[in-house]
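Open the model in your viewer and keep the selection tool at hand.

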Amino acid sequence: FSGCYSLKSINIPNSVTGINDNEFASCYSLKSVELPPNITYLGNNMFESCRNLKSVVYKSALVNSIGSYTFRYCSALESVIFPENLKNIGAEVFNGCTSLTSIKFPSTLTGIANYAFKDCTSLNSITLPNTQPSIGTDLFRQCYSLSYIKVPSSVTTVQQGSFYNITDITVDFSDSIVVPTLKSSSAFTST
């Protein structure tokens with residue numbers, strides 16, 4: 001279905017257990033998606049550049065990873081409801097999702113790859129789950145509206161460019177016994 005510019009909606013049958021890479025990429029008219037309960041595999045770039053996609057609901061508790069670039073450049077995306085067993089979010093998953101304002105992570109999440117929220121210019125607050133070990137490279141780069149992030153005690157490192165080009169942010173380490181190690185002096189760099 002990649003490149004079906006006029007596709008407005010999809011009804012994925014419950015019998016589907018996996019969706020391949022790029023399956024719905026560049027379906028410009030697609031507005032919302034509800035993934036069935038038997039999905040175990042979601043490919044990379046699955047909804048990349050679906051610029052009118054506003055919401056995604058995962059009904060499957062079987063999905064434990066969201067592939068890289070899944071929602072990259074989905075500029076209308078406002079909300080995503082994650083599955084309860086989600087463990088990993090791939091690289092650049094929400095890069096360029098300029099309408100995304102907030103995210104609620106499941107308690108099972110242990111990994112968020114680099115650049116996952118880069119250029120999410122409307123994202124205003126984040127509370128990372130207590131299972132997150134680090135804040136990756138350029139994770140929130142150029143999230144201009146990000147004004148607050150709650151960092152749990154599980155975070156031990158903050159990587160390069162994590163908060164690059166964010167000028168007015170409160171980073172709350174109040175639950176941490178020790179402030180995480182900055183892996184680069186440019187973790188909070190602003191131009």
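Start by selecting glutamate 48 and arginine 72: they form a salt bridge, and their closest N and O atoms are 2.6 Å apart. Keep in mind as you look that this is a predicted model. Glutamate 48 belongs to the loop between β3 and β4, while arginine 72 belongs to the loop between β5 and β6, so the pair ties together parts that are 24 residues apart in sequence. Both glutamate 48 and arginine 72 are buried.

How many salt bridges does a search of the whole structure find? There are five salt bridges. For another one, pick arginine 141 and aspartate 138, whose side chains meet at 2.9 Å, N to O. Aspartate 138 has 8% relative accessibility and therefore counts as buried. Next, go to aspartate 172 and lysine 150, a salt bridge with its closest N and O atoms 3.5 Å apart. Here aspartate 172 lies in strand β13 (residues 170-172) and lysine 150 in strand β11 (residues 148-150), so this pair ties together parts that are 22 residues apart in sequence. Are these two buried or exposed? Aspartate 172 is buried, and lysine 150 is buried too.

Leave arginine 141 on screen and bring up tyrosine 164: arginine 141 lies over the face of that ring, at 3.9 Å from the ring centre. Then select arginine 51 together with tyrosine 28, where the charged end of the arginine sits over the tyrosine ring, 3.7 Å from its centre.

Time for the aromatic rings. Eleven aromatic pairs are counted. Zoom in on phenylalanine 47 and phenylalanine 71, a stacked pair with 5.8 Å centre to centre and 5° between the planes. Phenylalanine 47 is in the loop between β3 (41-42) and β4 (55-58) and phenylalanine 71 is in the loop between β5 (65-66) and β6 (79-81), so the pair ties together parts that are 24 residues apart in sequence. Phenylalanine 47 and phenylalanine 71 are both buried.

Then move to phenylalanine 94 and phenylalanine 117. Their ring centres are 5.3 Å apart and their planes are at 5°, so this pair is stacked. It links distant parts of the chain, 23 residues apart: phenylalanine 94 is in the loop between β7 (88-89) and β8 (111-112), and phenylalanine 117 is in the loop between β8 and β9 (125-127). Phenylalanine 94 is buried, as is phenylalanine 117.

Now for the cysteines. How many disulfides are counted? The count is zero. Cysteine 74 is in no disulfide, and the nearest cysteine sulfur, that of cysteine 50, is 5.1 Å away. With 0% relative accessibility, cysteine 74 counts as buried. Cysteine 143 is in no disulfide either, the nearest cysteine sulfur being that of cysteine 120, 5.1 Å away. At 0% relative accessibility, cysteine 143 counts as buried.

To finish, colour the chain by confidence. The protein chain averages a pLDDT of 87, and 92% of the residues score at least 70. Among its elements, β7 has the highest mean pLDDT (92), and strand β14 (residues 181-182) has the lowest (64). Where pLDDT is low, the predicted coordinates should not be read in detail.

Note on methods
Residues numbered from 1 in each chain as written. Predicted model: local features only at pLDDT ≥ 70, side-chain atom pairs only at ≥ 80, totals over all residues. Heavy atoms only, no water. Phe/Tyr/Trp six-rings, centres within 6.5 Å; stacked < 30°, edge-to-face > 60°. Helix = DSSP H or I, 4+ residues; strand = E, 2+ residues; numbered from the N terminus. Buried < 20%, exposed > 50% of the residue type's maximum accessible area, 1.4 Å probe, protein only. Lys NZ or Arg CZ within 6 Å of the ring centre and 35° of its normal. pLDDT = per-residue confidence, 0-100. Disulfide = S-S within 2.5 Å. Salt bridge = Lys/Arg side-chain N within 4 Å of Asp/Glu carboxyl O.
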